[in-house]
Amino acid sequence: MGGRDAKMVLLDENGVRCDGRKIDETRRIMIKAGGLKNADGSAYIEFGDNKILVGVFGPRDVHPKHMSNTDTGILRVRYHMEPFSVDERKRPAPSRREIEISKVIKEALEPAVMLEKFPRTAVDVFIEVLQADGGTRCAALTAASVALADAGIPMRDMVAAVASGKVADTIILDVNNEEDQAGQADMPVGYMPSLEKITLLQLDGVLTPEEYEKCVQVGVDGCKQVYELQKKALKDKYFGNGGD
Amino acid sequence: MDNKRKYVIPGDVITTGPFRPEQNVILEGEKIISTTIGISEIYEDTVRVITLTGKYIPKIDDLVIGKINSHTSLSWELDINSCYVGFLPAQDVFGRDFSAHADELATKLKTGDLVAARIANFDRTRDPLVTISDRDLGTIDSGDLVKISPSKVPRLIGKRGSMIQMIEMATNAAVTIGQNGWVVVSCETPEGLLKAKKAIEMVDQKAHVANLTDQIKEMLEIKDDET
């Protein structure tokens with residue numbers, strides 16, 4: 001989104017970014033599976049300064065009934081940002097952006113979730129962004145996938161997600177808020193590591209075909225790192241530390 | 001090495017090669033992939049995963065404990081702790097000469113009653129049909145209901161019923177286990193009842209622990225000495 005803040009140095013001559021990371025380094029990621037007693041499955045993620053809580057319900061009865069499908073279950077996702085999650089109070093009603101992200105996350109999870117096993121039911125995913133700092137959709141997708149696994153919904157694979165992008169003519173991994181605002185491109189990538197399939201790919205900005213290829217590759221490599229943490233979160237919850 | 005049990009999560013490749021995929025696994029090309037969190041097992045030429053989480057999905061011939069939710073003039077609806085409601089037709093209770101005019105369903109089973117039922121029929125297209133006309137089935141009029149996670153039911157039963165037999169022997173309680181995770185415990189002495197309930201809850205919480213049988217044994221015996 002064409003450098004708005006000319007003063008900020010997004011990438012210095014040593015290849016160090018504005019928050020001190022290297023170009024292929026993610027922010028600090030912490031994932032915890034479980035935690036919500038009343039949800040069937042839940043997860044909490046801290047992705048840099050993003051803090052997101054996800055609760056999953058289901059499979060359960062579909063209300064309203066006309067939404068149910070006799071061939072398969074349906075997935076419903078609600079992505080919601082708390083009023084206090086951003087600098088200036090966000091109005092709590094669903095915005096255009098939240099509705100879009102809900103749809104995008106739903107479609108990124110659908111290839112993984114085996115809903116055809118539960119005809120006439122619904123699986124509900126509720127995503128609450130407690131604190132936002134760029135890249136919430138990727139963090140939310142990562143956490144939603146852990147929460148679905150925690151709920152015991154059969155899945156072909158986990159979905160890991162991270163954004164790659166371009167700042168100062170360099171392809172970087174895990175775009176933060178400043179880089180998103182002032183950088184040249186932002187590309188969220190959702191990936192199923194075992195099946196080696198991409199489930200989410202968006203691009204905001206302009207890339208050459210070569211840069212595009214590289215950006216996807218950087219994103220996929222990042223997703224593999226995130227996947228290891230998802231794995232660890234689930235194994236910690238279910239098998240203690242001895243699990244492997 | 002392949003025979004070893006492994007802890008798996010969705011997407012983990014359990015093995016590759018000519019194996020038959022069974023419960024909770026899918027075959028993706030050559031790879032056999034787990035679809036749930038659990039413990040993978042390879043038996044001869046079959047691969048399966050014993051799940052550690054998830055809701056109860058009805059299976060034909062399962063014994064379940066259900067709670068009467070409501071009734072129409074022809075059938076009852078049962079909450080069977082699943083995403084589907086159990087459907088109990090009136091003929092099953094009143095016999096074949098049931099008449100919707102003459103017979104009142106509420107006289108036999110009231111809303112809130114607990115029943116031991118068997119899944120008579122279930123497929124993707126309809127809600128599970130349950131029956132209570134069989135030996136050991138029917139209304140449950142005494143005992144306490146304990147709710148555990150349906151995925152832990154096999155652990156509570158144990159190998160050839162070893163775990164549940166141990167609990168029953170030690171506490172003199174009668175335990176009816178529904179495959180849907182609802183368990184009814186009845187016992188003549190209140191101490192035995194409490195102890196049995198505690199043991200069942202302990203199995204639910206510590207299902208993944210390797211020496212659970214010993215821990216339960218210890219818990220039951222320690223209490224034995226106290227009383």
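Biologist: At what angle do H3(B) and H4(B) pack, and how far apart are their axes?
Modeller: In this predicted model, helix H3 (residues 162-171) and helix H4 (residues 190-205) of chain B pack at an angle of about 160 degrees, and their axes are 9 Å apart.

Biologist: Why are H3(B) and H4(B) called roughly antiparallel?
Modeller: Angles over 145 degrees count as roughly antiparallel. The angle here is about 160 degrees, so H3(B) and H4(B) are roughly antiparallel to each other. Their crossing is right-handed.

Biologist: Which residues make the contact?
Modeller: Met163(B), Ile167(B) and Thr171(B) come from H3(B), while H4(B) brings Gly192(B), Lys195(B), Ala196(B), Ala199(B) and Val203(B). Five of the contact residues are nonpolar, two polar and one charged.

Biologist: What makes Met163(B), Ile167(B) and Thr171(B) count as buried?
Modeller: A residue needs 20 or more other C-beta atoms within 10 Å of its own to be buried, and these three residues of H3(B) are buried.

Biologist: How do you know that the buried residues line one face of H3(B)?
Modeller: Looking down the axis of H3(B), they fall within an arc of 45 degrees, so they line one face of the helix. An α-helix has 3.6 residues a turn, so residues three or four places apart point the same way.

Biologist: What lies on the other side of H3(B)?
Modeller: There you will find Ser162(B) and Met169(B), which are exposed. After H3(B) comes Asn172(B), with a positive phi near 60 degrees.

Biologist: How many helices and strands does chain B have?
Modeller: Chain B has five helices and 16 strands, and 37% of its 227 residues count as buried.

Definitions and conventions
Residues numbered from 1 in each chain as written. Chains lettered and ligands numbered in written order. Predicted model: local features only at pLDDT ≥ 70, side-chain atom pairs only at ≥ 80, totals over all residues. Buried ≥ 20, exposed ≤ 12 C-beta atoms within 10 Å, placed from the backbone. Helix = DSSP H or I, 4+ residues; strand = E, 2+ residues; numbered from the N terminus. Arc of directions from axis to C-beta. Axes fitted to C-alpha atoms, helices over the stretch in contact; angles between N-to-C directions. Parallel < 35°, antiparallel > 145°, perpendicular 65-115°, else oblique. Left-handed = near helix turned anticlockwise from the far one by under 90°. Contact = placed C-beta atoms within 7 Å. Nonpolar A, V, L, I, M, F, W, Y, C, P; charged D, E, K, R; others polar.
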